[in-house]
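Dear colleague,

I am passing this structure on to you, and below it you will find notes on what turned up when I went through it. Please have it open beside you as you read.

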Amino acid sequence: DSSNDTKITLGYVPLSSIIIFSNLFIIICIACNRQLHNTPNYFFLSLLVADLCTGITLPFIPRMTLDQQLDFKHCLVMYIFPNFLFLSFLFNLVMVHYERYLCIISPLHHSQFWVHHCFPLALLTVWLPPLLYASLPAFGWNNWVEPNVCSYKQVFPKAFIFLEVCGLVLLAMLSIVAMMGRVLWITRKQLQNICKLHRAVDRLQQQQPSDHEQQLNLRYAKCVAAVSLTFLVCWVPYIIYQLMSVTALQTGVSLPSSSLYIIMSCTGIGSMAVIPLILGLANKQYTEPISRLMLKLRNRWRGGQNSRDIAL
């Protein structure tokens, strides 16, 4: 029902607005702080731009599930461009995790890796391959049969969708999960070594064991809980959406409810788009310029209010 699809579209406008304005906020914070003008933050800035574009296209996803009267060129643009933006967002997300993964596993030599030496090439790898793959339907890999009837089935063949989901999206998700797991394992090993050193020092000084070890373990537990919660909130809805898509593709049976599929697709993509916002807002360096500005404005307002009270 088109009325239900319109209601669903309007329902995702607030989420899209939050994603757009939050990304703009973090982008401005990075631009205002010269200390953040380095290669890792340039990768993160590229991710924010891709996430911003994903937030802009989010309310238009429900329309992509409907058949529309469009010619071949306009139909290709309608489907290829959002798909390119989503794939570039996914590639940027993998690159940000990969760059930070290198910093953790090799903190003294991470600047010698190719992502730092060849930054333009690394940046090109997260934008050009998604563009080339998303543009394949324009070069002939499509199912365009009925003229002036635009639908995703005519633009994207089953093999194209299956390759994108299982070959690109699933591989990217597994690589991110593997890097996160490796980082948590390294963190745990380092934490155990630190705790051993603290216990050895306490024995030499004949002191009672301090609560510092307990604090470290608590911080690690909080870190694991934060990663797990982020995975559940941001990744699980998208995984369910992908499983629904692949199942429907393999069985050749349409989904039981188009509204349910639209809700799952918007929720899945929207939840993934929240990941850069969590990474950005959790970093005090990114929010520090705006925090200082808000503090100055609050102090000025309080100072002006106090001066008026004294005058009275």
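Which residues in α2 meet residues in α3? In this model, which is predicted, Ser16, Ile19, Ile20, Asn23, Leu24, Ile26, Ile27 and Ile30 on the α2 side meet Phe44, Leu45, Leu48, Val49, Asp51, Leu52, Gly55 and Ile56 on the α3 side. Sorted by kind, the residues of this contact comprise 12 nonpolar, three polar and one charged.

As for how the two helices lie, the axes of α2 (residues 13-32) and α3 (residues 39-57) come within 8 Å and cross at roughly 155°. Angles over 145 degrees count as roughly antiparallel, and α2 and α3 are therefore roughly antiparallel to each other. The crossing of α2 and α3 is left-handed.

The other finding concerns the cysteines. The structure holds one disulfide, formed by cysteine 75 and cysteine 150, whose sulfur atoms are 2.0 Å apart. The link between cysteine 75 and cysteine 150 is right-handed, with 85° about the S-S bond. This pair joins distant parts of the chain, since cysteine 75 sits in helix α4 (residues 72-105) and cysteine 150 in the loop between α7 (128-134) and α8 (152-155), 75 residues apart. Both cysteine 75 and cysteine 150 are buried.

Two further cysteines deserve a mention: cysteine 118 counts as partly exposed because its relative accessibility is 34%, and cysteine 166 likewise counts as partly exposed, at 31% relative accessibility.

Note on methods:
Residues numbered from 1 in each chain as written. Predicted model: local features only at pLDDT ≥ 70, side-chain atom pairs only at ≥ 80, totals over all residues. Heavy atoms only, no water. Axes fitted to C-alpha atoms, helices over the stretch in contact; angles between N-to-C directions. Helix = DSSP H or I, 4+ residues; strand = E, 2+ residues; numbered from the N terminus. Parallel < 35°, antiparallel > 145°, perpendicular 65-115°, else oblique. Left-handed = near helix turned anticlockwise from the far one by under 90°. Contact = heavy atoms within 4.5 Å. Nonpolar A, V, L, I, M, F, W, Y, C, P; charged D, E, K, R; others polar. Disulfide = S-S within 2.5 Å. Buried < 20%, exposed > 50% of the residue type's maximum accessible area, 1.4 Å probe, protein only.
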